[in-house]
Amino acid sequence: MSSTVDKARPRSSSETVRRVMAAVVFLPIFYLLVHDLGPIAFFGLVALSGMLAVAEFYRLHLAQAPWPWWSWAGVAATGLLLSSVQWPTVVADRTVLIATVGLALCMPLVSGKALRDSLTDGMVLVMGVLYIGLLLGYLLLIRALPDGALLIFFVVLVTWAADTGAYIAGKSLGRHPLAPVVSPKKTYEGLAGGMLLACLGAVVARAWFLPSLSLVDCLVLGAILTLAGLIGDLAESAMKRSTGFKDSGALIPGHGGMLDRLDSLLFTGPAFYYYYVALVTTV
């Protein structure tokens, strides 16, 4: 979620055009994969996105160093962990996690690096699989619920609304820093704007395609998803700031890397899932 204390550097027209064109190309594809082509197509989208995101996560740690073998193992483990959500009887999540942890603990024996460096690599390996694979899997769980495609659209719409509201309010009204050490441009005003637009987006989604949610559900989810998305955004900002990267990658023109696009959804997905299962499906 973008919200600014100082006056933001204006975006160049070419960057704006790239962002708009990327959205024009991606949104119809996203709709088809989520709504028309079924759960398997959506799994393919999530799995591909997750493996690209975890590769970018490892890039933040490795910087410009040549990719070691264990990073490819982490990408594969992320794909397998997501597969365990889609096909739990075929791929066991505990098996994937135990194998990943075991590999990380064996790193000092096989990496050839100093003990401290090999242990750090092992922790990064496990963290990437858990951070991306475990959290992103909640989108697959949401898609498997009744009306799952519509629920996915709700989560994405509200997350996007929170991000957009935070950027607009922060840029125009932002005065009080929210997390100056991690992300100096985020403000309390931006947070309020994001929460306001997220609640409005949730109400619009209810009226448009998801009448099963009550008005109270929409307002509560707007607030919860805004805060969850903020945590996800700040978490990635801390990682990038600690390594000196501005973006996790340059995969999407004008939008940065895949991890930059997923950082909020990694946390809004689980937040929505637990709220919906606990308080909506039981009514």
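I began with threonine 159, which is buried, at a relative accessible area of 9%; buried means under 20% relative accessible area, exposed over 50%, and partly exposed in between, with a 1.4 Å probe and protein chains only. I note that this is a predicted model, in which local features need pLDDT of at least 70, side-chain atom pairs count only at pLDDT 80 or more, and totals for chains, interfaces and linings use all residues. Residues are numbered from 1 along each chain as its sequence is written, and side-chain values use heavy atoms, with hydrogens and water left out.

I placed threonine 159 in helix H7, residues 148-173; helices (H or I, at least four residues) and strands (E, at least two) are DSSP runs numbered from the N terminus. I then listed the contacts of threonine 159 (heavy atoms within 4.5 Å): leaving aside residues up to four places away in sequence, threonine 159 touches Ser264, Leu265 and Thr268. I also found that the side chain of threonine 159 reaches the backbone oxygen of valine 155 at 2.7 Å.

Aspartate 147 is not a glycine, yet has a positive phi of about 60°. I recorded aspartate 147 as partly exposed, at 48% relative accessibility.

I looked up the strands. E1 (residues 177-179) and E2 (residues 183-187) pair in the antiparallel sense over 2 bridges; pairing requires that DSSP find at least two bridges between the strands. A hairpin of 3 residues joins E1 to E2, and alanine 179 has serine 183 in E2 as its bridge partner.

I examined the second largest pocket, with a volume of about 160 Å³. I take a pocket, on a 1 Å grid over the protein atoms alone, as an open set of points where a 1.4 Å probe fits, with protein on both sides within 12 Å along at least five of seven lines; lining residues have an atom within 4 Å of a point. The lining includes Leu81, Pro88, Asp93 and Tyr138. Helix H3 (69-86) and H6 are the elements that give two or more residues to this lining, and H6 gives the most, with 5 residues.

From the N terminus on, I read the order of elements as α-α-α-α-α-α-α-β-β-α-α-α-α. Buried residues make up 47% of the 283 residues. Among contacts between residues at least 6 apart in sequence, 72% join residues at least 24 apart.

Technical notes
Polar contact = N/O pair within 3.5 Å; in protein donor to acceptor, adjacent residues only side chain to side chain. Points joined across faces, edges and corners; volume = space filled by probe spheres on them.
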